[in-house]
Amino acid sequence: MFRKMIVSVAVGGALLASGAAVAGDPERGEQLATTCFACHGAQGRNDSPQYPQLAQQNEEYILIQLQNFQDGSREDPLMSPQAAQLTEQDKKDLAAYFTAQTLCP
Ligand code: HEC
């Protein structure tokens with residue numbers, strides 16, 4: 001009985017750590033995001049059809065896309081190298097930052 005409880009707590013913790021819950025720090029994300037601004041525009045806003053707007057985008061969507069670029073399930077010659085070096089925390093913090101920006105300043 002006690003053993004079962006330990007197992008279920010461990011499984012629950014692993015699910016949380018795998019990104020089921022998004023818990024990013026937008027202030028740290030802002031510092032990381034300066035490299036992203038070169039293509040996606042300041043605060044993730046731009047007028048170019050080539051680069052997706054990141055401002056105000058859904059937080060979990062951003063996180064999932066960064067994971068997809070990292071694991072190769074989504075590929076782009078410009079974007080894939082940008083995602084390659086990001087840690088789990090980096091991705092969460094960037095997602096938290098961009099979702100908090102507005103498309104119309
Ligand atoms: C060298 C240019 C460049 C830089 C720098 C760059 N990106 Fe991108 N990014 C792109 C391009 C181009 C796409 C669109 C790829 C496609 O069409 O599939 C993209 C797509 C994305 C997407 C998917 C958006 C969507 O609507 O599906 C996310 C999220 C993203 N980038 C986040 C970031 C973050 C976070 C950074 C900074 C760590 C960053 N990008 C830096 C060029 C760049």
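I begin with a residue in a loop. Gln56 counts as partly exposed, because its relative accessibility is 46%, a value that falls between the limits of 20% for buried and 50% for exposed. Please keep in mind throughout that this is a predicted model. Gln56 sits in the loop between H2 and H3. Its backbone deserves a remark: Gln56 has a positive phi of about 70 degrees, although it is not a glycine.

The loop between H2 and H3 also holds Gln43. Here phi is near 60 degrees, again a positive value in a residue other than glycine. With 28% relative accessibility, Gln43 counts as partly exposed.

Let me now step back to the whole chain. Its secondary structure consists of five helices and zero strands. Read from the N terminus, the order of elements is therefore simply α-α-α-α-α. The chain has 105 residues, of which 28% count as buried. If we take the contacts between residues at least 6 apart in sequence, 68% of them join residues at least 24 apart.

How do these helices meet? In general, two packed helices are described by the angle between their axes and the distance between the axes. The axes of H2 and H5 come within 7 Å and cross at roughly 90 degrees. That angle makes H2 roughly perpendicular to H5. On the H2 side, the contact includes Pro26, Leu32, Cys36 and Phe37, and on the H5 side it includes Leu94, Tyr97 and Phe98.

Helix H5, residues 88-99, also meets H3: their axes come within 8 Å and cross at roughly 140 degrees. H3 and H5 are therefore oblique to each other. The crossing in which H3 passes H5 is right-handed. Among the residues in this contact are Ile62, Leu63 and Leu66 of H3, together with Lys91, Leu94 and Ala95 of H5.

Which residues coordinate the iron atom of the ligand? They are His40, through NE2, and Met79, through SD, at 2.0 to 2.1 Å. His40 lies in helix H2, residues 26-40, whereas Met79 lies in the loop between helix H3 and helix H4, so the pair ties together parts that are 39 residues apart in sequence. Why is the arrangement octahedral? The six donor atoms around the iron atom subtend angles of 87 to 179 degrees, which makes it so. For comparison, the ideal angles for six octahedral donors are 90 or 180 degrees.

Are the two coordinating residues buried or exposed? His40 counts as buried, at 10% relative accessibility. Met79 also counts as buried, at 17%.

Finally, I turn to the region around H4. Ser80 has its place in helix H4. Its relative accessible area is 18%, which means that Ser80 is buried. Leaving aside its neighbours within four places in sequence, Ser80 is in contact with Phe69, Arg74 and Glu75.

Gly72 is found in the loop between H3 and H4. At 33% relative accessibility, Gly72 counts as partly exposed. Its C-alpha atom is separated by 9.4 Å from that of Ala84, twelve residues apart along the chain.

Thank you for your attention.

Terms used. Residues are numbered from 1 along each chain as its sequence is written. This is a predicted model: local features need pLDDT of at least 70, side-chain atom pairs count only at pLDDT 80 or more; totals for chains, interfaces and linings use all residues. Side-chain values use heavy atoms; hydrogens and water are left out. Donors are N, O and S atoms within 2.8 Å of the metal (3.2 Å for Na, K and Ca); water is not among the atoms, so sites may look incomplete. Four donors count as tetrahedral if all angles lie between 85 and 135 degrees; four count as square planar and six as octahedral if opposite donors are over 155 degrees apart and all others between 65 and 115; anything else is irregular. Helices (H or I, at least four residues) and strands (E, at least two) are DSSP runs, numbered from the N terminus. Buried means under 20% relative accessible area, exposed over 50%, partly exposed in between (1.4 Å probe, protein chains only). Axes are lines fitted to C-alpha atoms, for helices over the stretch in contact, and angles run from 0 to 180 degrees between N-to-C directions. Angles under 35 degrees count as roughly parallel, over 145 as roughly antiparallel, 65 to 115 as roughly perpendicular and the rest as oblique. A crossing is left-handed if the near helix is turned anticlockwise from the far one by less than a right angle, and right-handed if clockwise. Contact means heavy atoms within 4.5 Å.
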